[in-house]
Amino acid sequence: MADERKLCLSGTGITKVFGIGRNKTTAVNHVDFNFYEGEIISIVGESGSGKTTLAKMLLGLINPTEGEIYFQGVKRDISSHRKKKEYWKNIQAIFQDPFSSYNIFRKIDSVLLDCIHMRGGRGLPYDQKVELMTEACRFVNLKFDELTNKYPFELSGGQQQRLMIARIFLLKPQILLADEPTSMIDACSRATILDMLMQLRDEIGMTPIFITHDIGLAYYVSDTVYIMEKGEFVEKGSADEVILHPKEPYTRRLISDVPKIYEEWDLSTV
Ligand SMILES: Nc1ncnc2c1ncn2[C@@H]1O[C@H](COP(=O)(O)OP(=O)(O)O)[C@@H](O)[C@H]1O
Ligand SMILES: [Mg+2]
């Protein structure tokens with residue numbers, strides 16, 4: 001039977017080499033992948049396995065040394081600033097350290113206004129923009145009224161991460177790369193963040209890609225898991241296949257690092 005799923009992001013031979021000569025590091029080494037619309041994907045690997053480098057290439061923040069990336073089956077072209085901005089309407093990211101994602105000189109309302117403008121809302125009357133920002137803040141349990149005139153660094157870590165999600169709510173990208181989005185916050189906020197991302201997925205039809213060292217998280221949230229070791233995908237398949245019946249010793253090791261794989265992500269206990 002033909003595969004009827006729609007491709008959202010794919011890549012062939014994606015490679016990133018940093019440095020030259022003796023200082024050469026191959027951070028990502030000829031990876032191939034097909035991510036489909038609506039599928040929840042996790043890319044799992046230990047620290048240094050190349051996850052963030054891959055995420056940056058997918059986002060177009062750094063160029064692959066080799067290989068091609070396709071968006072919805074078409075070779076990606078981000079050769080000009082204008083094309084890059086178009087591409088970023090489709091794909092967005094949240095990173096481990098939300099603080100590093102913000103320009104520290106910009107206040108929270110201008111961070112959110114930028115998102116509205118990116119979606120073509122520059123010409124809207126100001127009160128409509130405020131309404132949109134209020135709605136986005138409400139979605140992540142923040143109060144817009146209390147945030148105007150504040151800077152992101154005046155928020156707690158959990159609040160900063162929620163502000164990141166409010167941005168995503170406004171930007172409505174088709175793909176969201178979430179690179180260790182919960183590893184710097186406490187368990188309770190972690191569950192809330194995951195819950196919000198899942199809700200966004202349902203509401204705006206976004207395809208989330210979780211990038212994590214935490215195979216327990218991957219098991220809890222994803223349909224499809226890619227295991228990354230030293231820049232290569234060594235195993236992939238459904239979460240059940242890969243995590244309940246791992247083939248690679250590396251995958252088994254990742255699993256044994258998580259003693260309570262079934263319990264840790266049981267949100268009912270949080
Ligand atoms: N800008 C860079 N310059 C040189 N080496 C880098 C750079 N970014 C990452 N690396 C190296 O690439 C490898 C993969 O790093 P990274 O993608 O951050 O892994 P992960 O996100 O899985 O922890 C590491 O060996 C890291 O030191
Ligand atoms: Mg990383």
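A: Lys172 counts as partly exposed, because 17 other C-beta atoms lie within 10 Å; here a residue is buried at 20 or more other C-beta atoms within 10 Å of its own, exposed at 12 or fewer, and partly exposed in between, with C-beta atoms placed from the backbone. The model is predicted, so local features need pLDDT of at least 70 and side-chain atom pairs count only at pLDDT 80 or more, while totals for chains, interfaces and linings use all residues. Residues are numbered from 1 along each chain as its sequence is written, and chains are lettered from A and ligands numbered from 1 in the order in which they are written.

Q: Where is the place of Lys172 in the fold?

A: Lys172 is in the loop between helix 7 and strand 7 (175–179), where helices (H or I, at least four residues) and strands (E, at least two) are DSSP runs numbered from the N terminus. Its phi is near 45 degrees, a positive value in a residue other than glycine.

Q: And what is the phi of Gln72?

A: Gln72 is not a glycine, yet its phi is positive, at about 50 degrees. Gln72 sits in the loop between strand 4 (66–71) and strand 5 (74–75), and it is partly exposed because 14 other C-beta atoms lie within 10 Å.

Q: OK, which strands form the open sheet, and in what order?

A: Four strands make up an open sheet in the order 2-1-4-5, with antiparallel pairing, where two strands pair if DSSP finds at least two bridges between them. Strand 2 and strand 5 are the edge strands, each pairing on one side only. Strand 1 (residues 7–18) is joined to strand 4 by five bridges in the antiparallel sense, and Leu9 has Phe71 of strand 4 as its bridge partner.

Q: Is strand 8 buried or exposed?

A: Six of the six residues of strand 8 (residues 207–212) are buried, so this strand is largely enclosed by the rest of the structure. Thr207, Ile209 and Ile211 point one way from strand 8, while Pro208, Phe210 and Thr212 point the other way. As background, side chains in a regular strand alternate between the two faces of the sheet.

Q: What does strand 8 pair with?

A: Strand 3 (residues 41–44) pairs with strand 8 in the parallel sense over four bridges, and strand 7 pairs with strand 8 in the parallel sense over five bridges. Within strand 8, Phe210 is the bridge partner of Ser42, and Pro208 is the bridge partner of Leu176.

Q: Switching to the core: how many residues are in the largest nonpolar one?

A: The largest nonpolar core has 64 residues, and those with the most contacts inside it are Leu112, Ala166, Leu177, Ile209 and Ala218. The largest share of this core, eight residues, comes from helix 7 (residues 157–171). Such a core is a set of buried Ala, Val, Leu, Ile, Met, Phe, Trp, Tyr and Cys residues joined through C-beta atoms within 7 Å. In soluble globular proteins, nonpolar side chains tend to be buried together.

Q: Which residues is Ala166 in contact with?

A: Leaving aside neighbours within four places in sequence, Ala166 is in contact with Leu112, Ala136, Cys137, Phe139, Val140 and Leu142; a contact means that two C-beta atoms, placed from the backbone, lie within 7 Å.

Q: Now the ligand: which residues are around ligand 1?

A: The residues around ligand 1 are Phe18, Gly19, Thr25, Ala27, Gly45, Ser47, Gly48, Ser49, Gly50, Lys51, Thr52 and Thr53, a residue being near a molecule if its C-beta atom, placed from the backbone, lies within 6 Å of it. Strand 2 (25–36) and helix 1 (51–59) each supply at least two residues of that shell, and helix 1 gives the most, with three residues.

Q: How does the shell around ligand 1 divide by class?

A: The shell around ligand 1 has two nonpolar, nine polar and one charged residues. Ala, Val, Leu, Ile, Met, Phe, Trp, Tyr, Cys and Pro count as nonpolar, Asp, Glu, Lys and Arg as charged, and the others, Gly among them, as polar.

Q: Last one, how many helices and strands are there in the protein?

A: The protein has 11 helices and 10 strands, and buried residues make up 37% of its 270 residues.
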